[in-house]
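Here is a short report on one protein model and its ligand. Keep the sequence and the 3D view open while reading.

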Amino acid sequence: MRLQNKTALVTGGSHGIGQAIAFAFAREGARVAVCGNEPAALEETAAGIRAEGGEAAALAADVRDSSQVDAMMQRLVDEYGEPDIVVNSAGICEVAPFLELTEEQWDRHLAVNLKGAFLVSQRAARLMAAAGKGGSIIQVSSVNGLAAEARQAHYNTSKGGLNSLMMSMALELAPLGIRVNSLCPGFIETRLTRPLIDNPAAIADYLKTIPMGRVGRPDEMADAAVFLASADSRYMTGHCLVVDGGQLIKLS
Ligand SMILES: NC(=O)c1ccc[n+]([C@@H]2O[C@H](COP(=O)([O-])OP(=O)(O)OC[C@H]3O[C@@H](n4cnc5c(N)ncnc54)[C@H](O)[C@@H]3O)[C@@H](O)[C@H]2O)c1
């Protein structure tokens, strides 16, 4: 068990990639707090982890709201103490051509995907710094933070910004023993990607962009997150770990 006696906070822990990471962390021995803005699904996830013999708490919060993030952090400290591991997986992704992108869509994507990660990361890093025991912070970014996908200027920008935040944090927090890295998934089967996966013609076309020829799974992201969270990656900080079946290397 690679995360024994560790406390982990996973935002977006009620669904998809974050949920798979929460289960994987618990299976590696961590106490896991799942955070998100869908309370019933959060409770279900925490109950699922406990049913497997793991330790889990559900902490509802909208990551865009600093007062909710502060209250959520206080509940985490009261329940489990300071976090050792934090994963920011809360995120949204809508498609909109650049010329039709609305100010509301732009603001909402930047608020959840970037500001939310900032608020949670900064509060968690303060707790880690005060506790003096280091830590690992993982930003669930995207290949869209490293290259541009059409009709996703707002999403691409939020993930590019998240990678920049990750590097800035890694630089300032390294002397405190706090490592900060990004996990950059390619196309992963979750409810975010379900509409495309359920469209046979569209998914057949899309799979041509992935050298490995298949969609990724949340558990494959979770394996990479366990690596980044554990001592297996102890000399890594400021890194974007791309897990995408080769999608990013394909020019044509
Ligand atoms: N699925 C993919 O192909 C893919 C690829 C690259 C990156 N990602 C990133 O992975 C992360 C997880 O995506 P997913 O595919 O698991 O999606 P998902 O919809 O299954 O999960 C998103 C999670 O974020 C939470 N969330 C959304 N808005 C929130 C808010 N305001 N406050 C708190 N929680 C909020 C939801 O409750 C949910 O738990 C996202 O950041 C996404 O950008 C996904």
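Which residue of β2 stands opposite Thr-11? Cys-35 does. The model is a predicted one.

Strand β1 covers residues 7-11. Five of its five residues are buried, so the strand is largely enclosed by the rest of the structure. Both faces are covered. Thr-7, Leu-9 and Thr-11 are buried on one side. Ala-8 and Val-10 are buried on the other. In a regular strand, side chains alternate between the two faces of the sheet.

β1 has strand β2 (residues 31-36) as a parallel partner, with five bridges between them. The chain gets from β1 to β2 by way of α1, and this β-α-β crossover is right-handed. β1 also runs parallel to strand β4 (residues 85-88), joined by four bridges. There, Ala-8 has Ile-85 as its bridge partner.

## Strand β5, between two pairings

Strand β5 spans residues 135-140. Is β5 largely enclosed or open? Six of its six residues are buried, so β5 is largely enclosed by the rest of the structure. Gly-135, Ile-137 and Gln-139 are buried on one side. Ser-136, Ile-138 and Val-140 are buried on the other.

β5 pairs with β4 in the parallel sense, over four bridges. Ile-85, which is also the partner of Ala-8, meets Ser-136 of β5 in a bridge. Between β4 and β5 the chain passes through helix α4 (residues 103-131), in a right-handed β-α-β crossover. β5 runs parallel to β6 as well, through six bridges. One of the bridge pairs is Ile-137 with Val-180 of β6. Together, β5, α5 and β6 form a right-handed β-α-β unit.

## Ligand site

How many residues surround the ligand? The number is 29. The closest are Ser-14, Glu-38, Tyr-155, Ile-188 and Thr-190. By class, the shell holds eleven nonpolar, 13 polar and five charged residues. Two helices, α1 (16-27) and α5 (153-173), each give at least two residues to the shell. α1 is also the link in the crossover from β1 to β2, and α5 sits in the unit with β5 and β6.

For Tyr-155, a side-chain N or O atom is 2.5 Å from an oxygen atom of the ligand. For Asn-37, a polar side-chain atom is 3.1 Å from a ligand oxygen. For Gly-91, the polar atom belongs to the backbone, and the distance to a ligand oxygen is 3.4 Å. On its own the ligand has 820 Å² of accessible area, and the protein covers 96% of it.

## Two single residues

Ser-182 is in strand β6, which spans residues 178-185. Its relative accessible area is 0%. The cut-off for buried is under 20%, so Ser-182 counts as buried. Its side chain makes a polar contact of 2.9 Å with the side chain of Asn-163.

Ala-47 belongs to helix α2 (residues 39-51). Is Ala-47 buried or partly exposed? With a relative accessible area of 37%, Ala-47 is partly exposed. Ala-57 is ten residues from Ala-47 along the chain, and their C-alpha atoms are 8.3 Å apart.

Key: Residues are numbered from 1 along each chain as its sequence is written. This is a predicted model: local features need pLDDT of at least 70, side-chain atom pairs count only at pLDDT 80 or more; totals for chains, interfaces and linings use all residues. Side-chain values use heavy atoms; hydrogens and water are left out. A residue is near a molecule or strand if one of its heavy atoms lies within 4 Å of it. A polar contact is a pair of N or O atoms within 3.5 Å; within protein, one must be able to donate a hydrogen and the other to accept it, and residues adjacent in sequence count only if both atoms are side-chain atoms. Accessible areas come from the Shrake-Rupley method with a 1.4 Å probe; for residues, only the protein chains shown count as cover. Ala, Val, Leu, Ile, Met, Phe, Trp, Tyr, Cys and Pro count as nonpolar, Asp, Glu, Lys and Arg as charged, and the others, Gly among them, as polar. Buried means under 20% relative accessible area, exposed over 50%, partly exposed in between (1.4 Å probe, protein chains only). Two strands pair if DSSP finds at least two bridges between them. A crossover is right-handed if, with the strands pointing away from the viewer, the path from the first strand over the helix to the second runs clockwise.
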